[in-house]
Amino acid sequence: MRILSLILLLLIASLTGAGQAAEPSKKKKSKISKTSPAAGATYEKNKDAMAWAELAAKTHHLDVKWVKAQISQARFIPSIPKLVMPPTQLNKKNWAAYQARFIEPRRIQAGVQFWQANEALLLRAEQIYGVPQWLIVSIIGVETFYGQHTGNFRILDALSTLSFDFPKDHPRAAERQAFFSKELAQFLVLTAKEKIKPSSLKGSYAGAMGLPQFMPSSWAQFAVDFDGDKHIDLFNNKADVIGSVAHYFKAFQWQSGMPTHYSVQFHKTQVDMEALMAPDILPTFSVSSLMAKGALLEGEALEHKGPLALIELLNGAEAPSYVVGTENFYAITRYNWSSYYAMAVIELGQAIQTQLQTKQGPTQKQ
Ligand SMILES: [Ca+2]
């Protein structure tokens with residue numbers, strides 16, 4: 001595999017999601033514990049893993065022999081503990097670079113094609129869930145380039161590695177390990193229910209699956225059978241993929257018709273950046289409280305009723321970019337906990353929609 005595509009793959013894998021799994025994948029050297037198993041070793045002889053299998057089977061009413069047989073086949077993947085480590089100072093976020101990577105002609109073109117090929121499904125999802133078509137299309141584009149990069153790790157191996165050999169020097173090791181262990185259990189519940197061989201499914205290093213990169217728990221909670229064939233398939237079935245992404249956003253309180261963000265300027269001398277930045281991406285300010293702290297809004301932003309947040313996007317050595325995010329901006333960060341991610345999704349969606357309108361003429365599609 002060419003290095004470039006490998007980097008791209010890792011990058012996309014790092015954006016995994018449906019929310020909870022996102023871990024920046026930068027290259028900090030992690031000290032993997034000396035007791036880590038050899039590359040490719042299975043968990044068959046690992047007492048903790050087998051004890052976990054017994055408990056998970058009991059908790060989730062699964063056949064204990066079956067669960068043990070699956071975990072016995074799971075393999076330790078040495079590259080994964082490094083990938084879940086937080087980024088270092090050297091890898092500071094850079095919105096301009098992020099933007100250039102995701103809002104580019106090939107991805108926009110693929111988005112237009114995906115939209116045209118699935119127009120009826122997208123429209124139905126929008127009507128049922130109140131989630132706009134551009135958002136569904138853009139999420140699938142940012143996550144996996146419309147299914148071109150869904151990940152090459154066996155989910156069983158990835159989630160077992162993160163459950164049984166999570167890097168101990170991670171700042172939130174205990175919490176993250178517990179998270180992945182729950183995801184592994186959910187993954188087994190899911191495959192048992194759908195009668196799929198767990199070892200046959202591939203995805204990101206963090207266990208995210210299919211076109212929308214749902215983690216197993218998101219799959220269990222938010223995925224829907226949108227074509228009514230009694231199965232949920234987020235790998236091959238476009239209807240299920242589209243319906244599930246829309247349902248996810250409805251569940252995270254997407255508000256139909258509300259903009260995602262507004263542009264913002266600042267008062268030249270009287271601006272309280274500390275206060276404006278304090279709540280981070282959580283929408284808490286009213287228009288008047290933002291203005292009182294020196295943020296300058298205009299146009300439709302002045303009429304906005306709900307809470308708002310000041311979003312800062314760093315640009316390396318250049319000056320940061322700022323926007324004011326609404327509750328819908330925040331909703332996008334529930335898919336992947338990053339304002340850079342949300343902004344990329346919004347801008348890609350806008351670019352795709354503009355391109356589609358150009359193609360179809362100005363009187364059609366809003
Ligand atoms: Ca289905």
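Colleague: Let's start with H9 and H10: is their crossing left-handed or right-handed?
Modeller: Happy to, and keep in mind that this is a predicted model. Helix H9 covers residues 155–164 and helix H10 covers residues 173–194. Their axes come within 8 Å and cross at roughly 150 degrees. The handedness of the H9 and H10 crossing is left-handed.

Colleague: Which residues of H9 make the contact with H10?
Modeller: On the H10 side, the contact uses Gln177, Phe180, Ser181, Glu183, Leu184 and Phe187. Sorted by class, the H9 and H10 contact has six nonpolar, four polar and one charged residues. The H9 side consists of Ile155, Leu159, Ser160, Leu162 and Ser163.

Colleague: Nice. At what angle do H6 and H16 pack?
Modeller: Two packed helices are described by the angle between their axes and the distance between the axes. For H6 (residues 105–117) and H16 (residues 339–360), the axes are 9 Å apart. H6 passes H16 in a right-handed crossing. The packing angle of H6 and H16 is about 65 degrees.

Colleague: And how many charged residues are in the contact of H6 with H16?
Modeller: H6 brings Arg107, Ile108, Gly111, Val112 and Trp115. From H16 come Leu348, Ala351, Ile352, Gln355, Leu356 and Lys359. By class, this contact has seven nonpolar and two polar residues, and the number of charged residues is two.

Colleague: Turning to the sheet, why is one side of E3 and one side of E6 left without a neighbour?
Modeller: Three strands form an open sheet with antiparallel pairing, in the order E3-E7-E6. E3 (261–263) and E6 (309–315) stand at the edges, so one side of each has no neighbour in the sheet. The reason is that each has a single partner strand.

Colleague: Last one: what percentage of the residues in the protein chain are buried?
Modeller: The protein chain has 16 helices and seven strands. Among contacts between residues at least 6 apart in sequence, 72% join residues at least 24 apart. Of the 366 residues in the chain, the buried share is 45%.

Technical notes
Residues numbered from 1 in each chain as written. Predicted model: local features only at pLDDT ≥ 70, side-chain atom pairs only at ≥ 80, totals over all residues. Pairing = 2+ DSSP bridges. Helix = DSSP H or I, 4+ residues; strand = E, 2+ residues; numbered from the N terminus. Axes fitted to C-alpha atoms, helices over the stretch in contact; angles between N-to-C directions. Left-handed = near helix turned anticlockwise from the far one by under 90°. Contact = placed C-beta atoms within 7 Å. Nonpolar A, V, L, I, M, F, W, Y, C, P; charged D, E, K, R; others polar. Buried ≥ 20, exposed ≤ 12 C-beta atoms within 10 Å, placed from the backbone.
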